[in-house]
Amino acid sequence: MQHLEGKHALVTGGGTGIGEAIALALADAGAEVTITGRRMDALQDTCQKAPARLSALTMDVTDERSVVDGVKQAIDARGPIDIHVANAGIAETSPFAKTSLEFWRKVMATNLDGAFLTCREVVPGMLAQGWGRIITISSVAGLRGLKYGAAYSASKHGVIGLTRVISEEYMGRGLTANAICPGYVRTPIVARNTRLIMARSNLSQPEAEAAMSHDNRHQRLIEVSEVAAAAMWLCAPGSDSINGQTIEIAGGQV
Ligand code: NDP
């Protein structure tokens with residue numbers, strides 16, 4: 001028997017990038033996985049990769065009603081959530097003095113409100129079962145300031161604060177909450193950044209990727225499989241005492 005058989009995982013933003021890699025790894029370990037996002041086509045493409053174990057659900061994490069209804073629908077269909085990966089996020093940047101309140105609120109609504117809402121909805125079921133894993137996807141920008149990323153960096157610091165509070169509030173009740181903090185990972189977000197840097201600075205793709213990997217002391221982008229491996233470790237047998245931590249996957253960057 002695979003070690004996550006019988007567990008139900010909810011992965012927000014599970015149709016692309018890091019979320020997809022984690023969802024597929026969880027499914028591979030035997031979990032039933034509900035993946036969510038706003039675009040059903042992206043979610044369905046991912047479901048094709050492990051149709052027996054993945055289910056798609058549209059849910060906008062900035063919308064409380066959508067989250068409350070979506071999580072309820074997932075629980076009604078496949079049982080209480082045992083593992084929640086709060087991964088949905090946007091990585092838009094803006095020079096600090098030019099950051100509008102509208103932009104700030106958009107980033108906060110997705111990255112921080114979204115994590116708050118989904119975690120709030122899954123915790124009661126975890127407590128009732130006496131077992132649960134909350135894994136939030138923060139960033140190295142949640143541990144240090146990211147130039148041009150006031151809203152992003154503040155939201156990701158907030159995600160770490162939220163994770164620590166969940167960990168504290170339910171300490172010793174079978175539920176753990178930890179934040180994964182990656183450096184630049186090869187995903188659609190970073191592909192968009194690469195194209196922007198190539199256009200703006202007239203660089204080739206390897207040069208643009210090297211510019212982004214500059215602070216990573218391994219001098220390379222991180223692969224989604226490396227982030228998924230950390231998430232799997234946080235759910236694996238023997239992980240009960242890892243609680244309230246930030247786990248940097250950043251090639252020694254922080
Ligand atoms: P992607 O753009 O591939 O993933 C983001 C996911 O979030 C998408 O699947 C998207 O789906 C979903 N999403 C965005 N907004 C919403 C919303 N309002 N409601 C529901 N879902 C939403 O990028 P990554 O895989 O790189 O990013 C995943 C997480 O990892 C993010 O939180 C990001 O900040 C974090 N991260 C990424 C790093 C990197 O270098 N790539 C580094 C550090 C952290 P849809 O558009 O269909 O809604």
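I started with Asn 178, which is buried, at a relative accessible area of 1%. My cut-offs were these: buried is under 20% relative accessible area, exposed is over 50%, and partly exposed is in between, with a 1.4 Å probe and protein chains only. A note on what I am looking at: this is a predicted model, where local features need pLDDT of at least 70, side-chain atom pairs count only at pLDDT 80 or more, and totals for chains, interfaces and linings use all residues. Residues are numbered from 1 along each chain as its sequence is written, and side-chain values use heavy atoms, with hydrogens and water left out.

**Entry 1**

I found Asn 178 in strand E6, residues 175–182. Helices (H or I, at least four residues) and strands (E, at least two) are DSSP runs, numbered from the N terminus.

Which backbone nitrogen does the side chain of Asn 178 reach? I traced it to Gln 245, at 2.8 Å. A polar contact is a pair of N or O atoms within 3.5 Å; within protein, one must be able to donate a hydrogen and the other to accept it, and residues adjacent in sequence count only if both atoms are side-chain atoms.

Gln 245 sits in the loop between helix H8 (224–235) and strand E7 (246–249). I noted that Gln 245 is partly exposed, with a relative accessible area of 40%. Beyond its neighbours within four places in sequence, Gln 245 is in contact (heavy atoms within 4.5 Å) with Ala 177, Asn 178 and Ala 179.

**Entry 2: around the ligand**

Next I turned to the ligand. A polar side-chain atom of Asp 60 lies 2.9 Å from a ligand nitrogen atom, and a backbone N or O atom of Val 61 is also 2.9 Å from a nitrogen atom of the ligand. For Gly 89, a backbone N or O atom lies 3.4 Å from a ligand oxygen atom.

How much of the ligand's 880 Å² does the protein bury? I read off 95% of the area that the ligand exposes when taken alone; accessible areas come from the Shrake-Rupley method with a 1.4 Å probe, and for residues only the protein chains shown count as cover.

Helix H6 gives the most to the shell around the ligand, with 4 residues. I also sorted the shell: 12 nonpolar, 12 polar and 5 charged residues. Here Ala, Val, Leu, Ile, Met, Phe, Trp, Tyr, Cys and Pro count as nonpolar, Asp, Glu, Lys and Arg as charged, and the others, Gly among them, as polar.
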